[in-house]
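Here are some exercises to work through with the model open beside you. Try each task before reading its solution.

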Amino acid sequence: MNHPCYICGLGSCIPPRVMTNHDLEKLVETSDEWITTRTGIKERHVLEDGVNASDCGAEAARAALEEAGVLPEEVTHVFVATCTPDYLCPSTACVIASKLGISAADGRKGNVMCLDFNAACTGFVYGLELARNTVQSHPDAVVLLVATEALSRRTNFTDRTTCVLFGDAAGAVVIRSEEKGALWQLRDVVCSSDGSLHDLIKIGGGSACRIKEGDAVGADWFISMQGMAVFKHAVRSMTEESQTILARNGISLDELDLFIPHQANLRIIKAVGERLGIDENKVFANVQHYGNTSAATLPVAMEDARRSGALRPGMKVLLTSFGGGMTWGSALLA
Ligand code: ACO
């Protein structure tokens with residue numbers, strides 16, 4: 001039997017330090033006008049030195065747990081979507097579990113599964129699928145799904161083609177089979193990928209980056225991207241994946257209350273909305289304030305939409321995303 005699966009807590013963390021387009025004008029040959037017309041982005045937030053993806057993720061997680069009324073010792077799984085983990089090892093999930101007192105709370109040690117995974121900007125959607133499968137096979141599971149990114153740590157602030165696009169943030173949800181107090185049912189998730197396109201977006205620092213102590217890091221340490229190819233793929237994949245999930249659930253565009261696409265570029269968001277043919281008032285965008293925060297964009301957008309009144313519990317919501325890999329996916333909440 002498939003157990004239903006519910007989102008019962010949501011939280012986000014936005015680092016207080018703001019970097020505006022005008023700040024970037026001082027670093028590279030660019031302009032507020034170029035960035036605004038090509039991307040819609042006006043500002044992004046960046047982590048202070050000494051504050052890491054795990055800190056921001058832990059703060060978002062605390063808010064999600066509090067809303068869900070879940071104590072740290074009740075969490076059974078910590079899944080962290082990130083392409084900018086604190087370390088290659090240990091996992092950021094273990095670090096967050098430690099910061100929240102999940103692993104050792106009330107003397108409990110072990111029996112908590114902590115896992116990082118990397119689906120780049122599609123991480124939150126992939127994480128919803130991981131959480132859904134976990135809850136369906138373990139109905140008592142209480143899953144903490146965190147999406148956290150410290151992209152500024154891998155941004156090359158001398159490369160104008162990428163440095164204007166990204167920011168840091170985190171979002172988190174608590175997912176379990178208990179309906180009481182739930183915000184949304186996780187109705188369905190679709191996840192896809194095409195590994196033959198893995199060269200389109202890269203962030204170095206893994207073991208393929210050969211480096212020995214004392215070496216200066218090379219350009220491959222930072223984010224690199226073939227922007228226009230990614231743009232075209234993003235529009236096509238998010239549109240088609242959204243159509244797939246709506247069709248297989250028998251839901252029409254008119255029945256949707258809100259569409260929240262990955263926040264990478266306002267032009268991509270508009271193009272997907274137009275291709276789908278959805279009322280533009282139902283398309284949520286906040287990329288103007290944060291830039292692309294990769295896996296974190298969807299939970300951060302959900303929290304912002306809720307604060308603005310555009311998103312309420314029980315609404316029919318379509319989430320869709322794409323990212324490095326290439327990966328893409330959609331999720332349906334109701
Ligand atoms: N300021 C001023 N000029 C710039 C800048 C800048 N910041 N960046 C590029 N340019 C110049 C280019 O050099 C080029 O000049 P040229 O014509 O003299 O060669 C010109 O502007 C046009 O460049 P394009 O790359 O063609 O501009 P485009 O309209 O494609 O916009 C952009 C670029 C914004 C990157 C767009 O392609 C895009 O958004 N792509 C998708 C990126 C994305 O969403 N990535 C998300 C995945 S990331 C992840 O998964 C971690």
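Helices (H or I, at least four residues) and strands (E, at least two) are DSSP runs, numbered from the N terminus. The model is predicted, so local features need pLDDT of at least 70 and side-chain atom pairs count only at pLDDT 80 or more, while totals for chains, interfaces and linings use all residues. Residues are numbered from 1 along each chain as its sequence is written, and side-chain values use heavy atoms, with hydrogens and water left out.

**Exercise 1. Find what lines the largest cavity, and which helices contribute.**

Step 1: Settle the terms. On a 1 Å grid over the protein atoms alone, a cavity is a set of points where a 1.4 Å probe fits but cannot get out, and a pocket is an open set with protein on both sides within 12 Å along at least five of seven lines; lining residues have an atom within 4 Å of a point. Grid points are joined across faces, edges and corners, and a volume is the space filled by probe spheres set on the points.

Step 2: Count and size. There is one cavity of 30 Å³ or more, and the volume of the largest cavity is about 40 Å³.

Step 3: List the lining. Q263, N286, V287, Y290, G291, T293, T297, V300 and A301 line this cavity. At least two of the lining residues come from each of α9 and α10, with α10 giving the largest share, three residues.

Step 4: Sort by class. Ala, Val, Leu, Ile, Met, Phe, Trp, Tyr, Cys and Pro count as nonpolar, Asp, Glu, Lys and Arg as charged, and the others, Gly among them, as polar. The lining then has four nonpolar, five polar and no charged residues.

**Exercise 2. Describe the second largest pocket.**

Step 1: This pocket holds about 210 Å³ of space.

Step 2: Its lining consists of L266, I269, K270, G273, E274, G277, I278, E280, V283 and A285. Five of these are nonpolar, two polar and three charged.

**Exercise 3. Work out how α7 and α8 cross.**

Step 1: Axes are lines fitted to C-alpha atoms, for helices over the stretch in contact, and angles run from 0 to 180 degrees between N-to-C directions. The axes of α7 (residues 227-248) and α8 (residues 266-276) come within 9 Å and cross at roughly 35°.

Step 2: Contact means heavy atoms within 4.5 Å. Here α7 uses M228, F231, A234, V235, M238, T239, S242 and Q243, and α8 uses R267, I268, A271, V272, R275 and L276. Nine of the contact residues are nonpolar, three polar and two charged.

**Exercise 4. Locate the cis peptide bonds and two positive phi values.**

Step 1: The bond from C89 to P90 is cis, with omega near 5°; P90 sits in the loop between β4 (77-81) and α4 (92-100). The bond from G325 to M326 is also cis, with omega near -15°, and M326 belongs to the loop between β12 (317-323) and β13 (327-333).

Step 2: A120, not a glycine, has phi near 50° and lies in the loop between β5 (113-117) and α5 (123-137). S294 has a positive phi of about 55° and lies between α9 (287-290) and α10 (297-308).

Step 3: Buried means under 20% relative accessible area, exposed over 50%, partly exposed in between (1.4 Å probe, protein chains only). A120 is buried at 10%, and S294 is buried at 2%.
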